[in-house]
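Dear colleague,

I am passing on the structure below, with notes on one helix pair and one annotated site. Please read them with the coordinates open.

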Amino acid sequence: MEEPDCPEGSVPDRGGERRTASLPLPAAFLEFLSENGLDPAVYSMAATIPRYIRLKPGMESKIAEIEAELKCALDKVLWLPGFYAIPPEIQIAGSKAYQQGKIYGIDAASGAAILALDVRPGNHVLDLCAAPGAKLCMLADTLGTTGSLTGVDVAKHRLAACRTMLQKYSLGDRTRLFVADGTLFSLLPVNSRMQRMEGSIGVEENGSIFPEWTSRRSWKDRQKTRKANANGQQHLLAASEPELIYYGKHSGLVGQCKSDVFCPSVDDEACTSGYDKVLVDAECTHDGSIKHIQKFEFWGWKSLDRRVLDAERTENLLQLQLHLLTNGFKLLKTGGSLVYSTCSLTVAQNECVVQQFLSTHPSADLQKINLADNWPCRSGGIPKTLRFDPAVSQTSGLFVAKFCKLPT
């Protein structure tokens with residue numbers, strides 16, 4: 001779908017210029033903000049907060065060309081390499097620079113969370129809530145030509161969008177994507193695990209080894225999907241065996257036995273063969289994203305009650321966030337790092353989740369993010385955690401906490 005001429009939450013004035021409409025926040029949402037100590041004024045700041053783009057590495061020489069096309073300057077974000085700020089009303093989806101994979105949109109706060117993970121060449125990286133894909137692309141860019149990247153999401157259509165992005169930006173070579181419940185996902189990185197499974201590579205087991213990936217699906221896969229759709233069970237697939245919807249040529253799967261790849265981790269196997277880095281950018285109420293809240297003007301404020309304010313859903317979200325963090329940490333190698341983040345401004349979805357997690361995981365060490373000394377953020381309610389605040393940071397709201405897995 002093409003983006004509208006006017007950005008969400010804005011209207012043209014009589015002179016043809018764009019101005020941000022003042023959001024008529026409903027009473028129930030104002031009460032939610034009051035209960036969480038949040039200032040409603042932040043939602044009138046959309047016109048003052050830039051839109052951020054990340055330039056694909058190697059495209060620096062194209063900046064002048066991109067500026068001419070977008071008809072605006074690309075202001076370098078000094079504290080975040082590769083990021084540029086543009087006016088919030090600029091639309092990038094219709095530009096050649098976007099369509100040709102030279103730039104992609106990602107908020108600077110989200111980029112900071114990825115930078116906090118400190119991904120190094122050769123790392124095995126897990127993105128446990130991968131959709132819609134911009135974070136996954138930045139992780140792949142950071143990883144380079146060694147190591148592996150595993151993306152997981154419970155929504156198949158959203159993960160398919162991740163696959164499209166990876167292919168568009170030529171970043172899928174070392175990536176594999178699984179439709180799965182992130183709270184239950186238990187597959188370890190292949191290259192790490194196979195070092196302990198001598199003789200398994202290229203060994204045929206019932207003729208079931210991974211060839212090079214192709215977008216053409218086998219008759220068996222098509223029948224499986226058709227049957228699931230007919231029974232209305234497609235949403236249940238992620239609750240069982242993870243469904244692999246993409247893997248790159250150098251992701252470690254080509255030539256492997258499928259039974260080895262789909263073998264869940266057991267006991268403390270992840271401590272030695274798990275992921276070096278794990279990102280848990282958990283599902284949340286999104287109240288820290290001004291642009292997201294703006295959308296309810298078009299979706300209808302009644303849907304805000306269901307998506308953000310419903311007490312039962314919020315309680316379920318808190319449990320989901322804790323379980324995602326717990327499972328992500330379980331899959332982490334000893335000495336590895338995990339970053340937990342949400343775009344909620346509430347304490348319950350951030351500091352409370354972190355405190356509850358730490359109380360039951362003595363091997364989890366909350367770490368200071370040294371890079372943040374130069375970031376426009378403030379300390380969270382727990383020492384060493386961070387909060388990006390739209391009013392201070394000029395970004396979307398984001399909470400960030402970093403953990404290291406200690407030996408047990």
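**Helix 14 against helix 15**

Leu-318, Gln-321, Leu-322, Leu-325, Thr-326 and Phe-329 of helix 14 are in contact with Val-353, Gln-356 and Phe-357 of helix 15. Sorted by class, this contact between helix 14 and helix 15 holds six nonpolar residues, three polar ones and no charged ones. Please keep in mind that the model is predicted.

Helix 14 covers residues 311–330 and helix 15 covers residues 351–360. Their axes lie 10 Å apart, at an angle of about 45°. An angle of 35 to 65 degrees falls between the ranges for roughly parallel and roughly perpendicular, and helix 14 and helix 15 are therefore oblique to each other. The crossing of helix 14 with helix 15 is right-handed.

**The annotated site**

An unreviewed UniProt entry gives the feature "binding site" at Asp-153, Asp-181 and Asp-281. These positions span 129 residues in sequence, yet no two of their C-alpha atoms are more than 14.0 Å apart, so they gather at one spot.

Asp-153 belongs to strand 8, which runs over residues 148–153. Is Asp-153 buried or exposed? Its relative accessible area is 7%, under the 20% cut-off, so Asp-153 counts as buried. Leaving aside residues up to four places away in sequence, Asp-153 touches Cys-129, Ala-130, Ala-131, Arg-158, Leu-159, Phe-178, Val-179 and Ala-180.

Regards

Definitions and conventions
Residues numbered from 1 in each chain as written. Predicted model: local features only at pLDDT ≥ 70, side-chain atom pairs only at ≥ 80, totals over all residues. Heavy atoms only, no water. Axes fitted to C-alpha atoms, helices over the stretch in contact; angles between N-to-C directions. Helix = DSSP H or I, 4+ residues; strand = E, 2+ residues; numbered from the N terminus. Parallel < 35°, antiparallel > 145°, perpendicular 65-115°, else oblique. Left-handed = near helix turned anticlockwise from the far one by under 90°. Contact = heavy atoms within 4.5 Å. Nonpolar A, V, L, I, M, F, W, Y, C, P; charged D, E, K, R; others polar. UniProt positions renumbered as here; feature names shortened; annotations may be inferred. Buried < 20%, exposed > 50% of the residue type's maximum accessible area, 1.4 Å probe, protein only.
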